Amino acid sequence: MLPKFDLTDPKASLSLLEDVTTNVTQIQDSILEAVLSRNAHTEYLKGFLNGQVDKQTFKKNVPIVTYEDIKPYINRIANGEASDLICDRPISLLVMSSGTTAGIQNLIPLTTEDGEQRIMFGSLYRSLLYKYVEGIREGKSLTFYFVNPERETASGILIRTMITCILKSVNKTNSSLWDRLQISPHEISTCEDTTQSMYCQLLCGLLQRDNVARLGAPFASVFIRVIKYLEGHWQELCSNIRTGRLSDWITDPQCVSGISKFLTAPNPDLASLIEQECSKTSWEAIVKRLWPKAKCVEAVVTGSMAQYIPLLEFYGGGLPLISSWYGSSECFMGVNVNPLCKPSDVSYTIIPSMAYFEFLEVKKDQQEAGLDPIENHVVVDLVDVKIGHDYEPVVTTFSGLYRYRVGDLLRVTGFYNNSPHFRFVGRQKVVLSLHMANTYEEDLLKAVTNAKLLLEPHDLMLMEFTSRVDSSSFVGHYVLYWELGSKVKDAKLEPNRDVMEECCFTVEKYLDPLYRQERRKDKNIGPLEIKVVKPGAFDELMNFFLSRGSSVSQYKTPRSVKTEEAVKILEANVVSEFLSQETPPWG
């Protein structure tokens, strides 16, 4: 595990980063040895290890599993049985996954020790920002965080999202670090009323605009949502600043208390300045214009978040986009050691002290044939991955996950010292399936990325999208729902039919060969359809998932929808429909 160090000392964390990425084999062996020596007696492991704690026995006897395999053990602990079913330390929390990637919210066990490790992990990537981004320490971070109401299991174990875990770990003894780093007071960021929290975080940021050195959110989609909210509420925010009086609808005690530290008197000059910028015809570079001393925008922009890069570039006005870290509810894994690289070039270096890592090789031909990589069963250690190959991470943690498949698809791009870089490609899952064709998330994202380029000459932007299979007719087809935005303020969103039909064809052209064969030769798939929905349709979709327990901070628009309720929301907002008028080429 990461040795304890001074979280406020960037030099200490950079030195540690060099150490852990150099001594990879030694660290990985010691991690596995420690996990097994602690947990070999647990009910789960003793059935496989029979008292043996060596690496060979572990790899030979302990199976590679998914969440469904360990779910019964987690349910038993949630219902009151002892943590030593899977772990020698008490399970202090169950971390709730976002639930929007696969549509299911998993509960991941977490010990207090592992939680502390994740806090320390954050100091590693923060020190890299200090090293590479000049002037970033001259101000604070306007990072938009949102918490979810926590729940308890029948036995009293707390259930929280990961963001909520991190924010709730701030207490009286360590709050000084938060105050030094963040623009918004901790009490506002931990307000459970998301709308009031978002409004007050924006108000804090505008009131202290000259002290904002960086902006961001956990994911690019969250930051875009904040900008869209600002677009609809800037006049009210200006009114608060001009009068020095908070809107009456802000009633949450945490928000009222937090904002009272900054909204202390009328400031008509600042209100007029903000009003002048927000009233302009275009919102291009609005982030840079409102926060002139900001050095970067920080948010995850890899995998499914890559679709938001053009929007971030449009609103950011040339500010560097920094994707700092890679992790999941199951395990924090890697940091971007080259934070100023292009968003398309982002790779993450695995931090070998966070868990014991193995990698399940994923071959493209097997993926296209719809085969699970576990059938091939080529599993390698962290130091044995090969550049250019694709893998699914398999993690073993101190908190009770053993050879657990994370489900992500990673591509090796190189090494930093002795630890590999991975590019996050996306989730290792099929998003659309029709007849013999299986379309993976990576392929769908690539196809849409190429298609939306056709919108740019018409000052249109793709704000959000999702998809589904329509099997209501004899020959089924793919349906994409697109929400469009304009680069020009208040412009009518009337996409040209020829352009949209070309978008349909371009998506098909970039899908996998089996889809094109089924579409062109065998005629088992009908023409792809794009349905344009009203602005705000995807906010309605998000609210639907939030009502089922998803978190605003962790919400990711699902790239395919299957539930009847979600489809109804989208269909009710359709304003125009377009079909591909050509069959895609073979090549």
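The C-alpha centres of domain 1 and domain 2 lie 29 Å apart. The chain is divided into domain 1 (8-21 + 79-330) and domain 2 (428-577), with bounds that come from an automatic or database domain assignment. This is a predicted model, in which local features need pLDDT of at least 70 and side-chain atom pairs count only at pLDDT 80 or more, whereas totals for chains, interfaces and linings use all residues. Residues are numbered from 1 along each chain as its sequence is written, and side-chain values use heavy atoms, with hydrogens and water left out.

How do the two domains meet? Across the boundary, 36 residues of domain 1 are in contact with 28 residues of domain 2, where contact means heavy atoms within 4.5 Å. The size of an interface is often given as the accessible area lost when the parts come together. Here domain 1 and domain 2 bury about 2,800 Å² between them, and 50% of it is on carbon and sulfur atoms; buried area is the accessible area (1.4 Å probe) that two parts lose on being put together, summed over both.

How many salt bridges are counted between domain 1 and domain 2? The count is one, a salt bridge being a side-chain nitrogen of Lys or Arg within 4 Å of a carboxyl oxygen of Asp or Glu. By this rule, the count for the structure comes to 29 salt bridges. Among them is the pair of Lys59 and Glu358, whose closest N and O atoms are 2.6 Å apart. This pair links distant parts of the chain, since Lys59 is in helix 4 (residues 55-61) and Glu358 is in strand 12 (residues 356-362), 299 residues apart; helices (H or I, at least four residues) and strands (E, at least two) are DSSP runs, numbered from the N terminus. Another salt bridge joins Glu483 and Lys228, with the closest N and O atoms 3.5 Å apart.

On a 1 Å grid over the protein atoms alone, a cavity is a set of points where a 1.4 Å probe fits but cannot get out, while a pocket is an open set with protein on both sides within 12 Å along at least five of seven lines, and lining residues have an atom within 4 Å of a point. The largest cavity has a volume of about 70 Å³, a volume being the space filled by probe spheres set on the points, which are joined across faces, edges and corners. Its lining draws at least three residues from each of domain 1 and domain 2, and the largest share, four residues, comes from helix 11.

The second largest pocket, with a volume of about 550 Å³, is lined by 22 residues, of which Ala306, Gln307, Ile309, Ser344 and Thr449 are the closest to its centre. The lining of this pocket, too, draws at least three residues from each of domain 1 and domain 2, and helix 17 gives the largest share, four residues.
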